[in-house]
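Subject: Structure for your review

Dear colleague,

Please find below the structure that I am handing over to you. A summary of the findings follows it.

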Amino acid sequence: MRYLRALVVLVLLGTALVIQNTGLGQATILGVHPDLVMAMVAAIGAVRGRESGAIAGFVGGIAVDAFLSTPFGLSALIYVVVGYLAGEVERIDGGAPLAVRWIVVGLASLVGEGLFVVAEFLLGLANPLQTRLVEQILVVGGVNLVIAPVVLGLVRLAFVSTPSTVS
């Protein structure tokens, strides 16, 4: 069962990566590309918890890094943080309501995109004062907030547990 869930995570992340790098890769909002992989990582964290979110973040980040010109591992590092932060909802007693998880996906994406800007500044890759910092963070966080119900539904559907047959 554990390997099946790992395969499910790979399929979800792979699907988000393919959509992001093919059809949606050309779409921009205010010149900013949406980040579906970050939304999927945050959703996995919000549904499965910190550990699963961090692992999904690492795997998804490594896959995204294969397509970017930024230093290899930067996306993996940031997605690990996003998945872990989104997984913090597991600390809520009795489980967080879906609306809270929805908001967490958007907020974790806001933080993740902000971390990208800070990391690129620290590495000397970009100057946040010369880029469209606020637009970039708000577009990615806003798009991920809007698509959160869909990705949360996919993750919940993928991780639905089968009822026990032991009687």
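**Annotated regions**

According to the unreviewed UniProt entry, the annotation "transmembrane region" covers residues 54-82, 102-125 and 137-159. UniProt positions are given here in the numbering of this model, with feature names shortened, and such annotations may be inferred rather than shown by experiment.

The model is a predicted one: local features need pLDDT of at least 70, side-chain atom pairs count only at pLDDT 80 or more, and totals for chains, interfaces and linings use all residues. Residues are numbered from 1 along each chain as its sequence is written, and side-chain values use heavy atoms, with hydrogens and water left out.

Two of the annotated spans can be described further. Residues 102-125 are 88% helix and 0% strand, and their end C-alpha atoms are 32 Å apart. For residues 137-159 the figures are 96% helix and 0% strand, with 29 Å between the end C-alpha atoms. Helices (H or I, at least four residues) and strands (E, at least two) are DSSP runs, numbered from the N terminus.

**Salt bridges**

A salt bridge is taken as a side-chain nitrogen of Lys or Arg within 4 Å of a carboxyl oxygen of Asp or Glu. By this rule there are three salt bridges, and Arg50, Glu88, Glu90 and Arg91 are linked in a network of them.

- Arg50 and Glu88 meet at 3.8 Å, N to O. This pair links distant parts of the chain, 38 residues apart: Arg50 is in helix H3 and Glu88 in the loop between H4 and H5.
- Glu90 and Arg50 meet at 3.0 Å, N to O. Glu90 lies in the loop between H4 and H5 and Arg50 in helix H3, so this pair ties together parts that are 40 residues apart in sequence.
- Arg91 and Glu88 meet at 2.6 Å, N to O.

For accessibility, buried means under 20% relative accessible area, exposed over 50%, and partly exposed in between (1.4 Å probe, protein chains only). Glu88, at 26%, is partly exposed, as is Glu90 at 42%. Arg91 is exposed, at 54%.

**Largest pocket**

The largest pocket has a volume of about 640 Å³. A pocket is an open set of points on a 1 Å grid over the protein atoms alone, where a 1.4 Å probe fits, with protein on both sides within 12 Å along at least five of seven lines; lining residues have an atom within 4 Å of a point. The volume is the space filled by probe spheres set on the points, which are joined across faces, edges and corners.

The lining comprises 23 residues, of which His33, Leu68, Glu113, Glu120 and Gln136 lie nearest the centre. Two or more lining residues come from each of H1, helix H4 (74-86), helix H5 (98-122) and helix H6 (133-158). H5 gives the largest share, four residues.

**Nonpolar surface patch**

Leu4, Leu7, Leu10, Val11, Ile55, Phe58 and Val59 form a nonpolar patch on the surface, with about 640 Å² of accessible area together. Such patches join nonpolar side chains (Val, Leu, Ile, Met, Phe, Trp, Tyr) within 5 Å, from residues with over 30% relative accessible area and no salt bridge. Accessible areas come from the Shrake-Rupley method with a 1.4 Å probe, and for residues only the protein chains shown count as cover.

Helix H1 (2-21) and helix H3 (50-65) each give two or more residues to the patch, and H1 gives the largest share, four residues. Leu4, in helix H1, is partly exposed at 48%.

Yours sincerely

Methods
Patch = residues over 30% accessible without salt bridge, like charges linked within 9 Å, V, L, I, M, F, W, Y side chains within 5 Å.
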